[in-house]
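Visitor: I would like to learn how to read a predicted fold feature by feature, starting from a single helix. Could you guide me through one?

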Amino acid sequence: MPLESYQIAQYNQQHEAAHRRKFEFLAGELGADLTERMLAKLIDFQIAIPSWALGTGGTRFGRFAGGGEPRTLEEKIADVGLLHSLNRSSGAISLHIPWDIPTDGEAIKQLAASHGLVFDAMNSNTFQDQANQELSYKFGSLQHTDAAVRKQAIQHNIDVIRHGEALGSKSLTVWLSDGSSFPGQLNFRKAFQRTLEGLQEIYAALPEDWKVFVEYKAFEPNFYSTTVGDWGQSFLYASKLGPKAYTLVDLGHHLPNANIEQIVSLLLMEEKLGGFHFNDSKYGDDDLTAGSMKPYQLFLIFNELVDGMDARGMNHATDLGWMIDASHNVKDPLEDLLQSVEAIKLAYAQALLVDRVTLENARNNNDVVTAQEILQNAFRTDLRPLLAEARLRVDAALNPVGLFREQSLRKKLIETRGMKAVSTGL
Ligand code: PSV
Ligand code: MN
């Protein structure tokens, strides 16, 4: 273990006095009741780490690895365990098959449990051809005109479910790159129908207590049409499939300037929002650190999430799938993931702070100014000391990135794994 609990305790002791000053000021402003309620919710709130984001990400032009990347599933679990010991907010890992096939499900499950981790959604991959694969996905998978290709893709998804069952996962995320790159290439209606039929077979293989998340994406790798291209199409599939099927929102998968918070609000209302892939972007599916570009948008999304979940009496921590889906070209992947988790929890905390009764009154009175003030007051309140206090109370680091650096954790990983260790993924 590159980080021992006494090292976290020592670090916290050194920084506790400075933290106390900031926290006590904030708690005084918020009042003891609200402070404690928010702390309890923040401690519960966990965000799953994608196994494919633990290595350095690349672009189509190149990849600049930083060393010490996890080489095996066991090492990926160890990395997520390390993140979780630093922030106690990343208690789950999301696997991608076939990048992370567990050879011994029970042993992997136990290893994860020893780090305090559970398995979040399993992800299938019919967007790449694998070395020993019989038929190609060049022209799609579930939408393919050839029934044999569709069958292969369906079977792959069923295999992923079986791997997930062995690990205690409870959901499958299906992202299809299916679509077309040129006008005329595809019959949209037939592609939709074939995809629906494939999803229906996968749905039929789901265990009773599982969910399937249908992830949409507007473009890439296909640049003319995508067969699950937006939330409307995903919603259509999820509705036709049945009560175990939901839409998954990846923040990078919309056309520019889409109002994601409104999408989230309506999906929740219709009981069809299943989960999230958090990341941030400026141009397309940039897969940047959550909250690095548009923190206000992230807050507005959480504002709708808290409002919509409360309206339905949902448990914030457990009733939706919270996952990161990001890639890191120029940062240490582990530091980047710590930053993403912090940004997500900050947006969540800000949303908890919104005075909903006054907001609703302002809306009813068409008092636009007050409505805006309420949201911006919450967004502009510095809640970082509250997040730090939540960590302190569960023996995580007051400043996870600070401790990661102070303990030279990347250097230690490079010492054991080497400079050239390369992680599986994109
Ligand atoms: C596709 O862009 C996506 O968002 C899907 O969730 C995939 O599983 C993941 O990225 C692969 O990196
Ligand atoms: Mn995604």
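Guide: In H12, the buried residues are Ile 374, Ala 378 and Phe 379. Seen down the axis of H12, these buried residues fall within an arc of 130°, so they line one face of the helix. Here a residue is buried if 20 or more other C-beta atoms lie within 10 Å of its own, exposed if 12 or fewer, and partly exposed in between, with C-beta atoms placed from the backbone; the arc is that of the directions from the helix axis to the C-beta atoms. Helices (H or I, at least four residues) and strands (E, at least two) are DSSP runs, numbered from the N terminus.

Visitor: What are the conventions behind the model and its numbering?

Guide: This is a predicted model, in which local features need pLDDT of at least 70 and side-chain atom pairs count only at pLDDT 80 or more, while totals for chains, interfaces and linings use all residues. Residues are numbered from 1 along each chain as its sequence is written, and chains are lettered from A and ligands numbered from 1 in the order in which they are written.

Visitor: Which residues of H12 are exposed, and what do its buried residues pack against?

Guide: On the other side of H12, Val 368, Val 369, Gln 372, Gln 376 and Arg 380 are exposed. The buried residues pack against helix H9 (295–311), helix H10 (333–353) and helix H11 (356–364), where two residues are in contact if their C-beta atoms, placed from the backbone, lie within 7 Å. As for its length, H12 (residues 368–380) has 13 residues and reaches 18 Å from its first C-alpha to its last, close to the 18 Å expected at 1.5 Å a residue; that expected span is 1.5 Å times one less than the number of residues.

Visitor: How many helices and strands does the protein chain have, and which strands form the open sheet?

Guide: The secondary structure of the protein chain comes to 15 helices and 12 strands. Of these, 8 strands form an open sheet with parallel pairing, in the order S1-S4-S5-S6-S8-S10-S11-S12; two strands pair if DSSP finds at least two bridges between them. Strand S1 (49–50) and strand S12 (321–324) stand at the edges, each with a single partner strand, so one side of each is left without a neighbour in the sheet.

Visitor: How should I read a strand such as S10, and is S10 enclosed or open?

Guide: In a regular strand the side chains alternate between the two faces of the sheet. In this structure, Ala 245, Thr 247 and Val 249 point one way from S10, while Tyr 246, Leu 248 and Asp 250 point the other way, and all are buried. Since 6 of the 6 residues of S10 (residues 245–250) are buried, this strand is largely enclosed by the rest of the structure. S8 and S10 run parallel and are joined by 4 bridges, with Leu 248 in S10 as the bridge partner of Glu 215. S10 also pairs in the parallel sense with strand S11 (residues 273–278) over 4 bridges, and there Thr 247 stands opposite Leu 273.

Visitor: Which residues touch the most other members of the largest nonpolar core?

Guide: A nonpolar core is a set of buried Ala, Val, Leu, Ile, Met, Phe, Trp, Tyr and Cys residues joined through C-beta atoms within 7 Å. The largest one has 106 residues, of which Ile 93, Val 212, Val 214, Phe 302, Ile 324 and Ala 349 touch the most other members. H10 supplies the largest share of this core, 12 residues. Leaving aside neighbours within four places in sequence, Ile 93 is in contact with residues including Ala 48, Ile 77, Leu 117 and Phe 119.

Visitor: Among residues with positive phi, is Asn 257 buried or exposed, and is Asp 287 buried or exposed?

Guide: Asn 257, a residue other than glycine, has a positive phi near 65°, and is exposed, with 6 other C-beta atoms within 10 Å. Asp 287 has a positive phi near 55°, but is buried, with 21 other C-beta atoms within 10 Å.
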